[in-house]
Each structure stands twice: as structure tokens, then as C-alpha cells.
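I opened a notebook page for this structure. These are my entries, in the order I looked things up.

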Amino acid sequence: MTAIAQTRPTVPRGTAGRRLARRSARYLFVAPALFYLLLLMFYPLAYTFNLSVFDVNAGNFLRGGAAFVGLQNYLDFISSPDFLSSLAITLIFTVGSLVFQHVIGFCFALFFNTGFPLSGLLRAIMMVVWVLPAVVSASLWRWMYAGSYGVINAFLGLFGIHTTQAWLTDPSTALPAVIISNIWIGIPFHMMLVFAGLQTIPTTLYEAAAIDGASAWRRFWSITAPLMRPVILTALLLGFVHTFKVFDIIYVMTSGGPANATNVLSIAVYKLSFEYFRLGDGAAAANVLLVIPLLLSIVYLFFRRREETSL
Amino acid sequence: MMLHRRRWVLTIIGVVLVAIYIFPLYWMVTTSIKPQSQLFTSPPTWFPTSFDFGNYVTAVFGNAQMLRALSNSFIVSIGTTLVTLVIAAPAAYGFARLKLRWTSLLLLPFLLAQLLPTINLALPMFALFAQAGLTNSPWGLILGDTVIALPFAVIVLRPFYLGIPRELEEAAEVDGCNRWQAFWRIVLPVVRPGLVTVMAFTFVMTWGEFTLGITLNPRQEAQPVTVALNSFIGQYGTQWGPLMAASTVVAIPIVVLFIVFQRFITAGLAAGSVKD
């Protein structure tokens with residue numbers, strides 16, 4: 001490959017006309033993808049704004065003639081008693097999942113990074129959980145959380161805790177139970193990101209530190225932690241946005257219940273739009289749901305750019 | 001020698017930890033093949049002593065809805081994979097060769113798309129597709145799933161192209177290839193590992209997609225397999241044997257694909273999310 005590159009003369013830069021043709025060709029490569037997103041992502045998103053300022057419901061959706069209501073749908077959603085609790089549940093779900101996913105994933109990555117025999121195989125086996133369809137994981141955890149004969153209660157029984165607690169149908173345990181399932185699902189993602197980051201740290205740094213008499217603890221805080229900072233930030237930001245928008249796992253496990261205990265914002269949007277068929281209200285709620293990921297993506301992009309220029 | 005033994009001790013610890021971690025998968029598969037008599041015992045039957053594949057007949061092979069859903073999912077996943085690949089392969093190449101100022105601006109939609117909650121896409125898409133007669137159709141779902149897969153594909157593929165020296169195409173152009181031919185004949189074969197990553201991952205993503213499935217294709221004959229599995233939960237409630245059999249069948253294509261393309265998938269993902 002490089003041999004070819006070295007033996008060929010470089011292309012003469014040519015006339016202005018040829019340069020323009022070359023440059024526009026590059027845009028032709030990206031045009032279909034941009035057009036696709038414009039038509040099937042940006043147009044629908046703009047259409048959501050349109051829906052959100054009309055009183056669109058089952059009666060007038062296909063017939064047309066929904067009344068213009070301005071920002072009323074937004075006000076209705078934000079001032080509804082369920083909004084603040086949904087926001088709180090979403091944040092608890094997101095932060096609760098993320099902290100444990102990342103810490104446990106980090107520990108696994110450090111462990112695998114020692115490079116013991118078969119570590120690659122074991123790492124690959126863990127990744128299977130991450131590619132599993134969310135609906136499969138969710139139905140599997142429903143069975144494990146079952147009150148009678150559920151394996152989690154049986155497991156607790158091994159330690160002398162005998163209970164027939166139905167974890168997912170009790171409002172006080174449903175949210176922690178869903179969070180635990182989601183932690184299980186997310187561990188490999190964080191493990192993979194952190195592991196890839198750890199691999200880029202030259203081992204000579206650790207060897208030098210070890211010669212200087214630095215303890216393993218000291219080596220972690222003085223070498224690993226600072227060098228891994230960009231990876232940790234990326235994992236946490238991406239993880240936050242991905243967890244904030246989770247719909248499928250919770251919907252299949254609890255549908256937002258019992259008694260709204262797991263009613264995250266994405267499920268609230270779904271219920272408004274597809275169960276009550278109040279599309280106008282649903283659209284307003286969807287746009288509210290978008291605010292936090294949007295703010296975080298700005299942070300993320302800023303962070304990315306800074307990383308790019310510092311490279 | 002001491003060091004050698006210590007490394008194998010780590011392996012043993014690793015096996016135990018990973019076994020605990022993937023225990024839920026073991027439980028899913030064993031539940032699906034246990035005879036009813038071993039399903040509801042206290043303490044539970046940790047190691048089944050006899051096997052019964054009847055659950056698979058009940059849940060999948062004798063269940064027309066599930067068979068239909070499986071074929072729907074194959075059609076939609078393969079369709080989405082092809083459409084994504086055809087659009088993403090040239091796009092990622094273009095982004096690898098654009099001037100940097102424009103790259104970051106034009107890449108922005110692709111980065112933002114990855115952060116978009118699927119329900120935000122599902123709602124307006126349902127409204128638009130319902131008016132266009134595209135709901136409950138494999139085509140509509142392919143169009144929708146591609147919106148999710150495409151940005152990811154472009155972001156993951158771009159670094160593969162960045163690794164190719166520009167001189168390679170310039171040499172091809174000296175030899176009389178136009179830009180398109182240079183891309184098709186010279187560049188594309190070099191990024192084959194990237195294309196495999198994108199193919200495998202798009203299939204995995206689309207096969208497991210649920211939110212667009214339940215909103216755009218809710219009708220029984222058009223449901224993808226994830227939506228069928230969810231309605232199965234409603235129908236069969238606590239008949240855990242058949243439910244775990246159905247879950248296992250939904251998981252199998254993904255697990256097989258993952259085993260075959262494991263190296264491509266993890267390497268590509270790491271490249272896409274960290275380095276780029």
C-alpha cells in the first residue's frame with residue numbers, strides 16, 4: 001500500500017476548474033446521507049414543533065382541523081402533577097444506573113487490563129449482554145424478579161432472607177429493580193470504553209513508577225486516573241444521554257408502573273401520544289424531553305472539539 | 001514460575017466473576033428447556049436434570065405470530081443494513097476528505113442524531129407515516145431504523161478512511177480513474193473491516209429495535225420480533241417457560257452474529273466512540 005504511494009508521482013494540482021470539480025465531488029459523496037437526515041430526521045423534528053402547538057387528538061388527527069393552541073400544550077405538560085415526578089424518576093434512573101455502570105465497568109476493565117490468560121475471551125463473553133435486544137433482557141429480568149419462584153428471591157433465600165416480594169409490582173421497589181437491570185445491561189459499554197482507553201497508556205509509565213517505589217494505589221491515582229479523564233468524561237456524557245432517553249427496557253418491564261413509580265419522561269411521552277392519542281400534548285412533552293440531552297450534547301461537542309484541537 | 005501461577009489465579013477469579021455476571025443468560029436458557037416440574041421448585045432447580053423442548057413449540061415453532069414476526073425482523077434488519085451501508089460508505093469517505101472546518105459543521109447532524117431519544121423520532125414519524133400509508137409496513141420501518149443506524153455508521157466508518165493515505169487515490173487518478181472509480185475500486189476494499197463492523201452492528205441494532213417497532217408497526221402481521229415478544233408477555237403473563245423460549249430465540253441471531261464478528265464489532269465501536 002505505502003509502496004505504491006511512494007513510487008507514484010503526486011497528482012499535479014491542476015487548474016482552478018479541475019480543483020472545483022474535485023471539491024464538489026467530495027460533497028456528492030456526503031449529499032445522500034445529509035439529504036436522508038434532512039428528510040427523515042430534521043423534517044420530522046420540525047413537524048413535532050408543528051404538532052405541539054395544535055390540539056391534535058384522535059378525533060382530528062387524520063381529518064385535520066385541530067385548533068391552534070400556542071404554547072398551551074407545553075404549559076399543560078409542565079404544570080401537570082406528573083411532570084416533576086417523571087423528571088425526578090428519569091434523573092434517579094439515569095444517575096443511579098450511570099454511577100454503578102461506570103464504576104463496575106471501570107473495575108472490570110482494570111481487571112481485564114492485567115492481561116491474564118483467557119482475559120480476551122472472558123471480555124468478549126461479557127459483551128454479549130450488551131448486544132442483547134433490550135426486550136430480551138427486560139423479559140428475562142421480569143422472570144428473575146417474580147415474587148414466587150423468581151430466582152432473585154431464591155438467591156436471597158440462600159442467605160436466610162425468605163421473601164416473596166414481587167419486586168416489579170411493588171411501587172417502592174420497582175424503580176430500584178429496573179435500575180439494577182439497567183446497570184447489568186450497561187456495564188459492558190463502560191468496560192469496553194475504559195478498556196480501550198487503558199490500552200493506550202504506555203506500560204513503561206507504570207514500570208517507571210514501580211521502580212520509583214509507587215504503590216499500586218498511587219500508580220492508579222497518579223497515572224491511570226489523570227490519563228483516563230477524557231475517556232471517563234466521554235463515557236459519562238454519552239452514558240447520561242443514552243440512559244436519559246431509555247424507553248424499551250422500562251416499558252417492557254413495568255410500562256411505567258406500578259402507580260407511575262417508573263414513569264420516566266420517555267414513557268410519559270409515549271402514553272400521551274400512543275395510549276391517549278393526544279398527539280399535540282405528546283409532541284410538547286417530547287420537546288421538553290429533548291431539552292436536557294440537547295444541553296448535554298452541546299457540552300459534549302464542546303468537549304470533543306477541545307479534545308480534537310489538543311491532539 | 002510464581003508470576004505464571006498468579007496469572008492463572010486471575011483467570012480463575014475472572015471466570016467466576018464473568019459466570020456470576022452472565023448468570024441471567026444461563027437462567028434464561030435453562031428455564032426455556034426445563035420441564036414444568038423443575039420450573040416451580042423451592043429451592044430452584046439450579047441444574048436441570050432433564051430437558052423439554054416443548055416450550056419452543058408453544059412459543060415459537062407452533063406460534064404463527066412469532067414466526068411471522070421473525071421473518072418481518074429479518075426483512076427489516078437486512079433492508080436497513082443494506083440502505084445504511086449504501087448511504088454511509090460514501091458519506092464517511094466524503095467526511096474523511098472534506099476540509100476540517102466543514103467537516104465539523106456537516107458532521108454535527110450525525111453527532112446530534114446519536115443523542116436523540118427514539119421516542120422523539122417515533123412520534124412525528126408516526127404522524128407523517130400514518131398520513132402517507134407507511135405505518136405497518138416493512139418499508140416504513142426500514143426508513144425509520146436507518147435514521148438511527150446511519151449516523152452511527154458514518155461516525156464509526158470515518159476513522160477507517162482517515163487511516164488511508166491520500167496518495168493511494170491520487171495514484172489511482174493518475175492511472176485514469178475518476179474519483180468515483182478510485183473510491184469504488186481502490187478505497188472501498190481497504191476499509192472492508194469497517195464495512196463489516198457497520199453491517200454487523202446495524203443488523204444487531206435493528207434486530208433489537210423496539211421503540212419504532214411498537215409505534216410505527218403495531219399491527220400483528222407487521223410487528224418486528226421485539227414487539228411480538230412484548231405482546232407475548234401480555235398474553236402469556238407468567239408462563240415463564242414459553243416466554244424464556246421466545247426470548248432465547250430472539251437473542252440467538254444476535255449472539256451468533258456477535259460470536260462471528262466479535263473482533264470487528266468491539267474494535268470498530270472502540271474506534272468510533274473514543275478515538276474519533
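**Domains of chain A.** I began with the layout of chain A in this predicted model. I found 38 Å between the centres of domain 1 of chain A and domain 2 of chain A, taken over C-alpha atoms. Domain 1 covers 2–45 and domain 2 covers 82–310. Such bounds come from an automatic or database domain assignment.

**Ground rules.** I noted that residues are numbered from 1 along each chain as its sequence is written, and that chains are lettered from A and ligands numbered from 1 in the order in which they are written. The model is predicted, so local features need pLDDT of at least 70, side-chain atom pairs count only at pLDDT 80 or more, and totals for chains, interfaces and linings use all residues, while side-chain values use heavy atoms, with hydrogens and water left out.

**Chain B overall.** I looked up the secondary structure of chain B and got 14 helices and zero strands. Helices (H or I, at least four residues) and strands (E, at least two) are DSSP runs, numbered from the N terminus. The C-alpha trace of chain B spans about 75 × 70 × 30 Å along its principal axes. Chain B has 276 residues, and 59% of them count as buried. Buried means under 20% relative accessible area, exposed means over 50%, and partly exposed lies in between (1.4 Å probe, protein chains only).

**A nonpolar patch.** Next I checked the surface. Val95(A), Val99(A), Phe100(A), Val103(A) and Ile104(A) form a nonpolar patch there, with about 400 Å² of accessible area together. Patches take residues with over 30% relative accessible area and no salt bridge; like charges are joined within 9 Å, and nonpolar side chains (Val, Leu, Ile, Met, Phe, Trp, Tyr) within 5 Å. The areas come from the Shrake-Rupley method with a 1.4 Å probe, and for residues only the protein chains shown count as cover. I followed up Phe100(A), which lies in helix H4 (residues 81–113) of chain A. Phe100(A) has a relative accessible area of 47%, so it is partly exposed.

**The largest pocket.** How much space lies in the largest pocket? I read about 720 Å³. Its lining has 24 residues, and the closest to its centre are Trp141(A), Ile152(A), Phe155(A), Ile20(B) and Phe23(B). The elements giving two or more residues to this lining include helix H6 (134–144) of chain A and helix H1 (2–21) of chain B. H8(A) gives the largest share, six residues. On a 1 Å grid over the protein atoms alone, a pocket is an open set with protein on both sides within 12 Å along at least five of seven lines; a cavity is a set of points where a 1.4 Å probe fits but cannot get out; lining residues have an atom within 4 Å of a point. Grid points are joined across faces, edges and corners, and a volume is the space filled by probe spheres set on the points.

**Cavities.** I found three cavities of 30 Å³ or more in the structure. Among the residues that line it are Ser73(B), Leu141(B) and Trp207(B). H5(B) gives the largest share of this lining, three residues.

**Salt bridges.** I counted three salt bridges over all chains. Each needs a side-chain nitrogen of Lys or Arg within 4 Å of a carboxyl oxygen of Asp or Glu. Arg97(B) and Glu169(B) meet in one of them (2.7 Å, N to O). This pair links distant parts of the chain, 72 residues apart: Arg97(B) is in helix H5 (residues 64–97) and Glu169(B) in helix H9 (residues 166–174) of chain B. Are these two buried or exposed? Arg97(B) counts as buried because its relative accessibility is 4%, and Glu169(B) is buried too, at 3%. In chain A, Asp281(A) pairs with Arg278(A) (3.0 Å, N to O). Asp281(A) is buried at 11%, whereas Arg278(A) is partly exposed at 36%.

Last, I checked the loop between helix H11 (248–254) and helix H12 (265–275) of chain A, where Pro258(A) sits. The peptide bond from Gly257(A) to Pro258(A) is cis, with omega near -15 degrees. Asn260(A) is in that loop as well. Asn260(A) is not a glycine, yet its phi is positive, about 65 degrees. In chain B, Asn136(B) also has a positive phi, near 55 degrees.
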